Amino acid sequence: MVAEKATDSANENNKMDVLKSTQQVIRNALDKLGYPEEVYELLKEPVRMMTVRIPVRMDNGSIKIFTGYRAQHNDAVGPTKGGVRFHPNVSEKEVKALSIWMSLKAGIVDLPYGGGKGGIVCDPREMSFRELEGLSRGYVRAISQIVGPTKDIPAPDVFTNSQIMAWMMDEYSRIDEFNNPGFITGKPLVLGGSHGRESATAKGVTICIEEAAKQKGISVEGARVVIQGFGNAGSFLAKFMHDAGAKVIGISDAYGALHDPEGLDIDYLLDRRDSFGTVTKLFKDTISNPELLELDCDILVPAAIENQITEENAHKIKAPIVVEAANGPTTLEATRILSERGILLVPDVLASAGGVTVSYFEWVQNNQGYYWTEEEVEAKLREVMVKGFNSVYHTSDTRRIDMRLAAYMVGVRKMAEASRFRGWI
Ligand SMILES: NC(=O)C1=CN([C@@H]2O[C@H](COP(=O)(O)OP(=O)(O)OC[C@H]3O[C@@H](n4cnc5c(N)ncnc54)[C@H](O)[C@@H]3O)[C@@H](O)[C@H]2O)C=CC1
Ligand SMILES: O=C(O)CCC(=O)C(=O)O
């Protein structure tokens, strides 16, 4: 009985293991494309993974040692690129999976990058500004040998922002002994940031929603939208949906969710949210995150963390369109269930690629020292996202496969070919 329980829990862990599920889809995509086994052997793990220990003097005078990671998945196409996450649940496996997803995003929207990702195990909500600066600078010192504007270019992710990017850029510039804005993206505008980067992930998701709605014959104007997460991705998305005439009937953060079938007051919520995307603590009448996901709505956007739609709740999702702003919010089993139910699932590696696309634009502008207007950035982003959506949708439609497998097939091809031309495989 005990052994049976242990096996059950091992199976459950496997289903929630984001690295294992990513490897499974990579394998399926490579098989469908006809690549030999050694291509999978190369791409199933990052080519480089660094673990660092970062000492930080805390405000109470003690020294605390933090663990951080930087994964570089594949650099055959170009330098690796991807965000840095500050979160208590960061793990080596998660960072590895996130770096693979970055490679796939770069492939889908055709950027000259491979995927990278970083993370530090910490809870920035419980740290002072001074402690966060020490941690950000310490991380850069620790990984400085493997990063740089032509090697691996970090950016923001969960619980990191433009201030943290500014500290990291300053630390790298000190080490490098000259001002080096192209080392990192998602910087404040005054330090070489790009117009449109802050809202880029949400803008990319909005474009995918528009394209998915066209395919489903649903009008965005008047559509009922539910968004899990009210941080960078979720809050800008709520604003864009509200401005497009959609009714945002549910939002959430790490502490709970708000629901109003008549539509929430998005401008008020944006005004009251804190820098970690927390707003529900201000309200008494809340529902839970699991309840939020099952609300009756037209468009559901998970924009927070991994493993939110699983085989437990996939049958209960009512939205005909699910667009993944977050990385890894839906398990593979849930992907199968949603797809069999005819729900159009726009996967993370496509839907959330707007962030890295505008990060690429920021890096290009830093390299050329000439900056674009917000309108130019938005027009270029739209072109890239629509093209990415169409190629994934077309692959899914013609091959009769789910959108996630289609996205992996589109995303994996460029790095496989580049690795082959380089003579690696
Ligand atoms: N910021 C960016 O440019 C990009 C972000 N993403 C992905 O979007 C997702 C959200 O990232 P950001 O908005 O940047 O982060 P953020 O740190 O700005 O906001 C995170 C939001 O998720 C909520 N949250 C945290 N834990 C939660 C939980 N257990 N249940 C429900 N909500 C929870 C937080 O309260 C907050 O509202 C992540 O998966 C991230 O990897 C993807 C592409 C780019
Ligand atoms: O902007 C970037 O370079 C990376 C964004 C990111 O980390 C992501 O798409 O998950």
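Predicted model: local features only at pLDDT ≥ 70, side-chain atom pairs only at ≥ 80, totals over all residues.
Let me start with strand β7 (residues 247-253), which is joined to β8 by four bridges, the two strands running antiparallel; helices (H or I, at least four residues) and strands (E, at least two) are DSSP runs numbered from the N terminus, and two strands pair if DSSP finds at least two bridges between them. Within this pairing, Asp-253 has Gly-256 of β8 as its bridge partner.

Residues are numbered from 1 along each chain as its sequence is written, and chains are lettered from A and ligands numbered from 1 in the order in which they are written.

Both strands belong to an open sheet of six, ordered β8-β7-β6-β9-β10-β11, with mixed pairing. At its edges are β8 (256-259) and β11 (344-346), each of which pairs on one side only.

Which helices come within 8 Å of each other and cross at roughly 50°? They are α7 (residues 200-216) and α8 (residues 232-243), where axes are lines fitted to C-alpha atoms, for helices over the stretch in contact, and angles run from 0 to 180 degrees between N-to-C directions. The two helices are therefore oblique to each other, given that angles under 35 degrees count as roughly parallel, over 145 as roughly antiparallel, 65 to 115 as roughly perpendicular and the rest as oblique. On the α7 side the contact includes Thr-201 and Val-205, and on the α8 side Phe-236 and Phe-240, residues being in contact if their C-beta atoms, placed from the backbone, lie within 7 Å.

Turning to the other sheet, five strands form an open arrangement in the order β1-β2-β4-β3-β5, again with mixed pairing. Here β1 (48-57) and β5 (152-156) stand at the edges with a single partner strand each, so one side of each has no neighbour in the sheet. Strand β1 is joined to β2 (residues 63-72) by 10 bridges, and these run antiparallel; Met-50 stands opposite Arg-70 in β2.

Finally, ligand 2 has 13 residues around it, of which Gly-83, Ala-155, Gly-355, Val-356 and Ser-359 come nearest; a residue is near a molecule or strand if its C-beta atom, placed from the backbone, lies within 6 Å of it. Strand β3 (80-87) and helix α13 (354-368) each supply at least two residues of this shell.

Notes:
Contact = placed C-beta atoms within 7 Å.
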